[in-house]
Amino acid sequence: MTNQNAVAPDAETRIDKLISVAMSMSNSRLLPGAAVPESLAVLGAFLGIPQKKLMKRIEDGGAKGGAKGGAKVHALVDSMRASSPSRVKSTIPIPGNQDQSSWILHHPSALDKFEQIICRSKGKQIVAFLDYDGTLSPIVPDPDKAFMTKKMRATVKDIARNFPTAIVSGRCRDKVYNFVKLPELYYAGSHGMDIKGPSRRGHSERGNQILCQPASKFLPMINEVYKILLEKTKSVPGAKVENNKFCLSVHFRCVDEKSWGALAEEVRLVLNEYPKLRLTQGRKVLEIRPTIKWDKGKALEFLLESLGYENSKDVFPIYIGDDRTDEDAFKVLSSRGQGMGILVSRVPKETDACYTLQDPTEVEQFLRRLVERKRKSSDTLPKVDNCRL
């Protein structure tokens with residue numbers, strides 16, 4: 001006897017597609033949210049898909065995920081909106097309902113408080129940790145064209161001449177190196193999961209060696225998911241999948257906001273089959289990483305240890321970044337009670353950073369002032385007694 005309630009595999013595929021459409025429609029202001037399931041049910045009936053099954057799947061919030069899956073997608077879309085750098089006003093709740101003036105009071109400009117920072121670092125070795133996208137280079141529509149200016153490169157080069165310096169990025173290490181092209185730096189790619197020391201002429205030891213790759217065993221899985229996501233995201237105009245070796249980035253900088261829900265659902269469905277991978281989020285990007293306890297904060301600790309400053313009180317790490325993933329490094333510095341984090345942002349955000357800079361232009365100005373102060377005689381440094389900390 002034929003089961004009248006059975007749904008053919010091709011119908012299942014059509015249901016999944018309709019669910020993606022539903023997610024996209026639910027994020028559109030053109031159609032009331034309550035009308036979305038009903039409208040899709042009519043379309044499903046037209047395509048020969050059982051109405052009850054389709055309606056249940058829509059009410060559950062997504063294919064294969066049930067109510068929990070739908071909630072995750074909606075939460076993810078809300079988070080994607082909140083992280084949009086194109087928004088003038090902050091959509092991220094600030095603790096205690098602080099307004100922007102209050103937030104700036106607690107996270108002042110690193111340029112305005114430069115002398116205070118110098119006082120705090122006096123007598124200590126400054127170590128510079130720099131994010132790339134949004135920090136050394138502007139956020140651009142095409143991530144392959146996120147070039148830093150010649151002025152920024154010259155400044156970073158001078159910073160590296162005066163202080164140990166590392167670039168800590170979610171990008172593939174080789175790709176970041178091709179952007180920066182300064183061999184004297186440490187490079188920590190894939191959110192710190194791929195670390196290499198600076199290349200020095202005449203030094204064949206540790207300088208040219210890979211220092212750390214804690215996620216090597218995940219490479220086959222990362223490559224497999226990359227190929228799947230390339231196919232799955234073709235249905236979302238503007239979406240771009242980037243292979244960063246030990247992690248993947250799904251960029252939605254050029255995706256219409258109405259399609260964010262459909263993109264989030266596609267990514268979630270793929271990751272449902274890979275429990276050893278986790279989804280995080282940055283500025284206009286979804287990040288897919290192995291579920292290991294490693295992040296930019298761990299990379300910072302590893303690099304400080306490699307430089308001989310693991311338990312030193314004579315070190316002053318400065319970490320500058322604009323992304324949510326940089327918060328892991330800010331938290332490490334806060335817990336160590338050493339150095340400081342500087343958030344690059346024009347709008348208030350929840351952060352463990354002490355200071356702020358608005359954009360890469362201000363980052364360059366801050367780094368340049370560090371170089372200039374380093375070059376001056378120590379006699380010209382402000383006395384600690386005159387500093388208001």
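## Eight-stranded sheet

Eight strands make up an open sheet with mixed pairing, in the order S5-S4-S3-S2-S1-S10-S11-S12. Its edges are strand S5 (210-212) and strand S12 (355-357), each of which pairs on one side only. Direction ignored, neighbouring strands of this sheet are turned by 25° against each other on average. The model described here is predicted.

Isoleucine 195 stands opposite cysteine 212 in S5. Helix H12 (residues 327-336) packs on this sheet, where H12 touches strand S10 (315-321) and strand S11 (340-344). The direction of H12 makes about 155° with that of S11.

## Four-stranded sheet

A further open sheet has four strands in the order S6-S7-S9-S8, with antiparallel pairing. Strand S6 (240-243) and strand S8 (277-282) are the edge strands, and each pairs on one side only.

S6 and strand S7 (residues 248-251) run antiparallel and are joined by four bridges. Asparagine 243 of this pair stands opposite leucine 248 in S7. Helix H9 packs on the sheet and touches S6, S7, S8 and strand S9 (285-290). Relative to S6, the direction of H9 makes an angle of about 165°.

## Helices H9 and H10

H9 (residues 219-232) also packs with helix H10 (residues 260-271), at an angle of about 150° and with the axes 10 Å apart. Because angles over 145 degrees count as roughly antiparallel, H9 is roughly antiparallel to H10. Their crossing is right-handed.

On the H9 side, the contact is made by Val225, Ile228, Leu229 and Lys232. H10 contributes Glu266, Val267, Val270 and Leu271. By class, this contact has six nonpolar residues, two charged residues and no polar ones.

## Helices H7 and H13

Helix H7 (residues 150-162) packs with helix H13 (residues 360-375) at an angle of about 35°, and their axes are 9 Å apart. The crossing of H7 with H13 is left-handed.

H7 makes the contact through Lys151, Met152, Ala154, Thr155, Val156, Asp158, Ile159 and Asn162. From H13, the residues involved are Pro360, Val363, Glu364, Leu367, Arg368, Leu370, Val371, Lys374 and Arg375. The residues of the H7 and H13 contact divide into nine nonpolar, two polar and six charged.

Methods:
Residues are numbered from 1 along each chain as its sequence is written. This is a predicted model: local features need pLDDT of at least 70, side-chain atom pairs count only at pLDDT 80 or more; totals for chains, interfaces and linings use all residues. Side-chain values use heavy atoms; hydrogens and water are left out. Axes are lines fitted to C-alpha atoms, for helices over the stretch in contact, and angles run from 0 to 180 degrees between N-to-C directions. Helices (H or I, at least four residues) and strands (E, at least two) are DSSP runs, numbered from the N terminus. Angles under 35 degrees count as roughly parallel, over 145 as roughly antiparallel, 65 to 115 as roughly perpendicular and the rest as oblique. A crossing is left-handed if the near helix is turned anticlockwise from the far one by less than a right angle, and right-handed if clockwise. Contact means heavy atoms within 4.5 Å. Ala, Val, Leu, Ile, Met, Phe, Trp, Tyr, Cys and Pro count as nonpolar, Asp, Glu, Lys and Arg as charged, and the others, Gly among them, as polar. Two strands pair if DSSP finds at least two bridges between them.
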